[in-house]
Amino acid sequence: MSVFDGLKFRKVYSPIHNLDPRIKFIYVIAIFIAAILFSQIIPLLLLFILQIPFVLLAKVQKQWLRSLRGAAFLATFIFVINILSTYFTSNFSLTALNIENAASMTLRFVVLVESFSVFFLTTSPDHLGLALEQTRVPYEFAFAFTTAVRFVPVLAEEAQTIMDAQKARGLELEKGSLLKRIRNYIPVLIPLIVSAIRRSLELAEAMESRAWGATKKRTNLYLLKLHRGDVVLIAVTATVLAVALYALLFVPIPPISSFF
Amino acid sequence: MIVVEDLHFSYPNNVEALKGISLTIKDGEFIAIMGQNGAGKTTFIKHFNGLLKPASGTVRVDGEETVKTSVAALARNVGFVFQNPDNQLFSETVEEEIGFALKNFGYDKETIEKRITWALNLLSLEQYRKTSPFLLSGGERKRVALASVLAWDPQTLILDEPTIGQDHDQKEKLRQFIMQLQTQKKTVVIVTHDVEFVAECNPRVLLMREGKIVADGIAKNILTNPQLLSESSIVLPQIAQVFTKLSSLGLPKDVIDIYEAKEVLLRKAKESHVK
């Protein structure tokens with residue numbers, strides 16, 4: 001569940017938490033695009049380092065590190081697959097450049113995880129819903145989205161209880177061949193899905209009995225307004241994109257291995 | 001026999017849930033663990049079948065340390081029925097649901113068939129044999145969950161909140177059923193907030209508060225101690241309340257059982273009649 005931990009929002013106050021979620025989202029998308037544009041290790045490293053001040057400002061280092069640790073397994077997987085595929089396709093030989101390429105593919109994945117993690121760690125589901133509403137997403141969808149985000153930790157906890165209950169009936173999850181192991185999860189998944197559906201029906205009834213959707217036109221107590229911090233973030237985002245485009249078009253980026 | 005020595009446990013978020021518990025549960029004992037929400041009751045019982053392992057201290061089930069044994073191996077001797085049946089039901093029919101654990105433990109087909117029938121009869125679920133467990137009512141689902149554990153006839157049975165959602169008849173059946181297990185020298189541990197149920201069963205009561213056992217004794221002594229109970233947000237059983245309020249008339253305070261109450265009151269009535 002460690003990957004989920006890295007996405008779980010905790011109420012803290014910091015300059016980053018107070019930023020407008022719309023701008024933050026645009027920033028994350030900009031980082032996302034930049035990471036996709038480059039396959040060399042130097043710009044990807046720069047993008048990686050660029051996130052660190054945000055993490056420190058938001059004081060979410062611990063959770064952020066946990067989400068990186070959660071992504072470590074997939075990252076290793078990406079690295080190994082890259083190495084293996086180049087090894088087998090290039091006549092069973094490896095150069096320093098091959099390894100560097102595999103490393104930058106991995107780093108690209110890490111940058112993506114890292115930036116999304118920062119976004120979700122510092123944006124409350126309420127804020128997110130508010131942002132969706134103010135970008136004219138129909139309220140029903142905005143509500144469904146925020147509810148889904150909010151229920152992730154609840155479901156994770158429930159999955160743990162279900163696993164305990166089935167283990168208590170002699171189920172051994174880590175036993176048997178790969179196929180058997182996947183099948184082992186059926187007794188966990190079915191109760192989880194059934195209870196999620198049941199929970200959603202109950203939630204719908206509870207909402208209806210509290211007059212959900214009674215007024216067609218909703219007003220909000222809080223409104224998102226752009227502050228100075230948001231303007232700074234817009235500037236940072238624009239700069240990142242501009243520098244990235246410039247570098248992509250006009251600067252030849254050498255691989256690190258050429259320095260040695 | 002379950003022996004717990006100086007058990008400590010903390011959750012990953014550094015909440016210390018158990019702060020040094022020592023306890024011996026002999027075969028054939030019937031124990032009710034009570035205490036307010038968050039006292040550590042469920043955390044404690046999850047140590048009996050190894051779902052949680054002690055941070056320090058030891059839990060031994062029949063001499064074996066739970067740290068060194070898998071949950072599946074421990075589960076054979078320690079059956080655990082969870083509070084919410086929906087956390088475990090997944091099969092297409094009640095029959096398959098009950099057979100799940102038996103298959104996991106590697107029983108042969110014939111035995112499985114026999115055990116399923118036995119468990120269904122025991123909890124009056126025969127008519128639902130081929131029904132989907134998801135179509136049953138809450139109370140029935142709870143009984144299916146219980147049947148699915150009873151099926152392999154474990155030496156120790158742990159029930160987390162067994163009386164929730166059960167009507168009076170079912171509670172009475174559960175009580176009689178626990179008594180029946182007692183005659184077979186089976187150990188039964190229940191976690192419950194149901195004071196009246198405990199008063200009727202009169203088991204050994206463990207009162208937990210903030211990760212510690214604050215009282216351990218027969219129900220009759222613990223459930224008639226107003227101070228002890230109020231500190232754990234538990235109210236006295238109704239009969240004990242009446243007897244405590246009437247203690248000025250010379251009635252004993254330690255009565256929790258309806259039959260005993262009747263006897264005491266009848267005696268008292270006869271005495272005053274004679275006068």
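Residues are numbered from 1 along each chain as its sequence is written, and chains are lettered from A and ligands numbered from 1 in the order in which they are written. Local features in the predicted model need pLDDT of at least 70 and side-chain atom pairs count only at pLDDT 80 or more, whereas totals for chains, interfaces and linings use all residues.

The secondary structure of chain A consists of ten helices and zero strands, giving the pattern α-α-α-α-α-α-α-α-α-α along the sequence. The C-alpha trace of chain A spans about 70 × 55 × 30 Å along its principal axes. Chain A is divided into domain 1 (2–123 + 226–259) and domain 2 (138–208), with bounds that come from an automatic or database domain assignment. The C-alpha centres of these two domains of chain A lie 30 Å apart.

Helix H3 (residues 41–58) and helix H5 (residues 96–122) of chain A have axes that come within 9 Å and cross at roughly 25 degrees. Axes are lines fitted to C-alpha atoms, for helices over the stretch in contact, and angles run from 0 to 180 degrees between N-to-C directions. H3(A) and H5(A) are therefore roughly parallel to each other; angles under 35 degrees count as roughly parallel, over 145 as roughly antiparallel, 65 to 115 as roughly perpendicular and the rest as oblique. The crossing of H3(A) and H5(A) is left-handed, a term used if the near helix is turned anticlockwise from the far one by less than a right angle, with right-handed used if clockwise. Residues making the contact include A:Leu44, A:Phe48 and A:Phe54 of H3(A) and A:Leu107, A:Val111 and A:Val118 of H5(A), two residues being in contact if their C-beta atoms, placed from the backbone, lie within 7 Å. By class, this contact comprises 14 nonpolar, four polar and three charged residues. Ala, Val, Leu, Ile, Met, Phe, Trp, Tyr, Cys and Pro count as nonpolar, Asp, Glu, Lys and Arg as charged, and the others, Gly among them, as polar.

Helix H6 (residues 125–134) of chain A packs with H7(A) at an angle of about 160 degrees, the axes being 9 Å apart. H6(A) is therefore roughly antiparallel to H7(A), and their crossing is right-handed. In this pairing, residues of H6(A) including A:Leu128 and A:Leu132 meet residues of H7(A) including A:Phe145 and A:Val149. Eight nonpolar, two polar and three charged residues form the contact.

In chain B, the axes of helix H3 (residues 94–104) and helix H4 (residues 109–122) come within 9 Å and cross at roughly 125 degrees. H3(B) is therefore oblique to H4(B), and the crossing is right-handed. The residues of this contact divide into six nonpolar, one polar and three charged.

Between the chains, 17 residues of chain A are in contact with 19 residues of chain B.

Methods: Helix = DSSP H or I, 4+ residues; strand = E, 2+ residues; numbered from the N terminus.
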